[in-house]
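Biologist: Before we go into details, could you show me the model, so that I can learn how to read its features one by one?

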Amino acid sequence: MNITLLRRFVAVAEELHFPRAADTLGIPLASLYSSIEKLETEVGHPLFTRSRGETQLTKVGILFLEEAKQEIAAAPAPAEKSVANAGGKAKASKGKGRAPIVKGKPKPYKNRQGR
């Protein structure tokens, strides 16, 4: 089983609230819902019962929570992401700075077209 799915399941099981768990994990709510659906498909049983703003673990969910915590504890720690050095190519100057436009006055950087 995917460790990421298990971590998301444990977060929801501890919070018993999908939006709070999504905030805790720092992921979109829709992504969390789809992850739980994938996990429920893999297990073959529903892990949560959802009704009128209440989320509860099913009996299978309670048993699976213990397994999930054990698998997460046994899994190696995730590798740290390397941070790219800041910097890059500087933008070239666009030339002279422009004066602010005053309403009713001609634009200072526009020349009138002669006839």
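Modeller: What follows is a walk through this predicted model, from its overall plan to single residues.

Biologist: Which pattern does the chain follow along the sequence?

Modeller: The chain has four helices and two strands, and read along the sequence these are arranged as α-α-α-β-β-α. Of its 115 residues, 23% count as buried, and the accessible surface comes to about 9,600 Å², with 52% of that belonging to carbon and sulfur atoms. Among contacts between residues at least 6 apart in sequence, 49% join residues at least 24 apart.

Biologist: Which residues have the most contacts inside the largest nonpolar core?

Modeller: The general idea is that, in soluble globular proteins, nonpolar side chains tend to be buried together. In this model the largest nonpolar core has 20 residues, and those with the most contacts inside it are F9, V12, L32, I36, L39, F48 and F64. The elements that give two or more residues to this core are α1 (3-15), α2 (18-25), α3 (29-43) and α4 (59-74), and α1 gives the most, with seven residues.

Biologist: How many aromatic pairs does the structure hold?

Modeller: In general, a pair of aromatic rings is described by the distance of the centres and the angle of the planes. The structure holds four such pairs, and one of them, formed by F18 and F48, is edge-to-face, with 5.6 Å centre to centre and 65° between the planes. Because F18 lies in helix α2 and F48 in strand β1 (residues 48-51), this pair ties together parts that are 30 residues apart in sequence. F18 is buried, at a relative accessible area of 2%, and F48 likewise counts as buried, at 4%. Both rings also belong to one aromatic cluster, formed by F9, F18, Y33, F48 and F64.

Biologist: How many bridges join β1 to β2?

Modeller: Four bridges join the two strands, which run antiparallel, and S51 stands opposite E54 in β2. The strands form a hairpin with two residues between them, and R52 in the turn has a positive phi of about 35°.

Biologist: Where does L16 lie, and what is its phi?

Modeller: L16 lies in the loop between α1 and α2, and its phi is near 55°, a positive value in a residue other than glycine. With a relative accessibility of 31%, L16 counts as partly exposed.

Definitions and conventions: Residues are numbered from 1 along each chain as its sequence is written. This is a predicted model: local features need pLDDT of at least 70, side-chain atom pairs count only at pLDDT 80 or more; totals for chains, interfaces and linings use all residues. Side-chain values use heavy atoms; hydrogens and water are left out. Buried means under 20% relative accessible area, exposed over 50%, partly exposed in between (1.4 Å probe, protein chains only). Contact means heavy atoms within 4.5 Å. Accessible areas come from the Shrake-Rupley method with a 1.4 Å probe; for residues, only the protein chains shown count as cover. A nonpolar core is a set of buried Ala, Val, Leu, Ile, Met, Phe, Trp, Tyr and Cys residues joined through side-chain atoms within 4.5 Å. Rings of Phe, Tyr and Trp (its six-membered ring) pair if their centres lie within 6.5 Å; planes under 30 degrees apart count as stacked, over 60 as edge-to-face and the rest as tilted. Two strands pair if DSSP finds at least two bridges between them.
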